[in-house]
Amino acid sequence: MNDISRRAALMGAAGSFFGANSARAQRSPRIHLRVLGTSDLHMFALDWDYYLNRPDSTVGLNKLASLIKKARSEAGNSLLLDNGDILQGSPMGDFLATVDQFKSNPAHPFFVAMNALAYDAATLGNHEFNFGLPFLDRALKSANFPFVCANVRGVGDKTILPPYVILRRRLVDEDNVAHDVRIGVIGFVPPQIMVWDRFHLEGKVSAQSIVASARQFLPELRAQSDLVIALCHSGIGDGRADINAENVAEQVAAFDEIDAIITGHSHRVFPGPDYAGRPGIDAQKGTLSGKPGIMPGFWGSHLGVIDLILEQANGLWRIANFQVEARPIYRREGATIVSACEPDPQTVAVFASAHAQTQDWVSQPIGELATPLHSYFVWAGHDLPTALINMAQLDYARSLLAGTPLAEMPLLSAAAPFRAGYTPDAYVDIKAGPIAIRDAANLYMFSNTISIVRVNGAVLKDWLEHAARVFQRFDPENAAPQPLLDLRVPTYNFDVIAGLEYEIDISQPARTDLNGRMVADHAHRIVDLRYQGRPIDARQEFLVVTNNYRAGGGGHFPAIDGDNIALNDATANRDALISFIRKSGRLSVTDQSPWRFRKTDTPLRAWFDSAPMAANLVSQFPELQHIGPGRAGYARFEVQIG
Ligand code: MN
Ligand code: MG
């Protein structure tokens, strides 16, 4: 829709905005306020892929900045809000937080860029806590716009940031008359930060239920505001009314005090087909519990635009009409990416130094690979990237434990494929030959730290059972190809445990649901589980080296809840990987997966999507076949099991 027809559509229900109106003098004042929302930018500052060292037109605040400026120029009144998950995610974020640490960048460049774009307010995402509270504290000093968060408290009862802010803005109505309008902005983050970043947060802060905090603060905020907008770093849920749930955007939107809501965290787009048909949601119009709502993608992929028509009656402003739109920075036409906007030069300039420094850092050589590594076929058990992470974690843990009583215990390592299809471009693909830090960052994209847990054989089996729920249940009676993956399970929750051998029987139902609750007690997907060639003893104790996210309880793995941590180490898993590669000389990683699918009597065929690039490699794997295009931007492959 072009701007003129857009405006006409928007105004249609309530009369012309700018046209002649004989009743103008009697009419109540009407204001068009455009609320722009961004979310889950994750330090994607520029349209650049640091792993592959080339431009990437699917990401970047620099591209989003062009959309922001354009959207603003179309509206007389606008606000720009961010919904969190800013500081962590790209190699630039890791460089600034872990290498530079404000030594050469006295202000955090991402906030400098957001300042230049004149953000009005923002909230924290869960990933803001990944580098610890002192770093967050210091980084926030660079922002000259307010941050709000209503559900994280310090040691006392006080929230670590103001729970809300009231923006006093002079807005111009359709007759060019100015009105002082008070816009309340409140922010929320998933209380699960206490699990995911337990190591950084335990004993320092506490997080409360989003819904309970909304109930606490909204009446006082409403009393002081003409309009209330929620910055909800929480996704659109599955309709469950669980007060402590992670994704509660509809529940927040349902509060009478809320006029509009910006959601995020789930890295999806709303309005859009992802949420069609859910109760309480209009996925086309863009409403959550009847209120205008937006989820603007991730990594800078979309700008959220909520157009509000405010009408004044009896001294109160109310929303007379609204329209919601997620504007993309690119679109896919088959396997081709078509850019929808140019980078904003002013934003590019802000990052000049950080970009150069990040490129220098990721280009540092760390070793040499004898074998190429890719993640295109991890779902068929060909997963050298994860095998290498496990090799490095085992090596690191052995030296950490040497000389301690724990050194006598059997040691295993758990890791998962991180870059394995989150987008059609997000795969590991590292050629044999010299490798650099960019390759280690590609292999290990999260800012996790080393944790070692102590578990028995029974817990190990449940750990693997929950990991195996990434696979759909296979119907052996059905000869047609069936989908292999349950795409609701993030790839980072498919833990592979090195040091064990096991088979996965996908004709069995998953034992656990997405939240780790036992739902099929009789079922066993993990079969023939062995340690050193012998069936595992349920009571035997093991140490498993993993990361702080998993050890703290991330991913809802049964009995992995933070209580079985034997040792926490401040070393980043990625740094352990880099050290291992550095000391390994020419490094070979062999295709010896700890797991394989359980063979069936009659061969089964299952399909999964991977990168189009993968079609060039498929002939190396006799059980795999390229069968054509997959979901938007992907290619589809078939694996024969049995
Ligand atoms: Mn995020
Ligand atoms: Mg998040």
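Donors are N, O and S atoms within 2.8 Å of the metal (3.2 Å for Na, K and Ca); water is not among the atoms, so sites may look incomplete. The structure is a predicted model, in which local features need pLDDT of at least 70 and side-chain atom pairs count only at pLDDT 80 or more, while totals for chains, interfaces and linings use all residues. Residues are numbered from 1 along each chain as its sequence is written, chains are lettered from A and ligands numbered from 1 in the order in which they are written, and side-chain values use heavy atoms, with hydrogens and water left out.

**Exercise 1.** Determine which residues hold the magnesium ion (ligand 2) and how they are spaced along the chain.

*Solution.* Step 1: the protein donors are Asp-85 (OD), Asn-126 (OD1), His-233 (NE2) and His-265 (ND1), at 2.1 to 2.2 Å from the ion. Step 2: along the chain these donors give the spacing D-x40-N-x106-H-x31-H. Step 3: Asp-85 and His-233 are 148 residues apart, the former in the loop between strand E4 (77-82) and helix H3 (91-100), the latter in the loop between strand E11 (227-232) and helix H9 (249-253). Helices (H or I, at least four residues) and strands (E, at least two) are DSSP runs, numbered from the N terminus.

**Exercise 2.** Identify the donors of the manganese ion (ligand 1) and the residue that coordinates both metals.

*Solution.* Step 1: Asp-40 (OD), His-42 (NE2), Asp-85 (OD) and His-267 (NE2) coordinate the manganese ion at 2.1 to 2.3 Å. Step 2: their spacing reads D-x1-H-x42-D-x181-H. Step 3: Asp-85 coordinates both ions, which are 3.2 Å apart.

**Exercise 3.** Decide whether His-42 and His-267 are buried or exposed.

*Solution.* Step 1: buried means under 20% relative accessible area, exposed over 50%, partly exposed in between (1.4 Å probe, protein chains only). Step 2: His-42 is buried because its relative accessibility is 4%. Step 3: His-267, at 14%, is likewise buried.

**Exercise 4.** Describe the surroundings of Ser-213.

*Solution.* Step 1: Ser-213 belongs to helix H8 (residues 210-223). Step 2: with a relative accessible area of 2%, Ser-213 is buried. Step 3: the side chain of Ser-213 reaches the backbone oxygen of Ser-209 at 2.7 Å. Step 4: apart from neighbours within four places in sequence, Ser-213 is in contact (heavy atoms within 4.5 Å) with Ala-150, Asn-151, Phe-188 and Gln-208.

Notes. A polar contact is a pair of N or O atoms within 3.5 Å; within protein, one must be able to donate a hydrogen and the other to accept it, and residues adjacent in sequence count only if both atoms are side-chain atoms.
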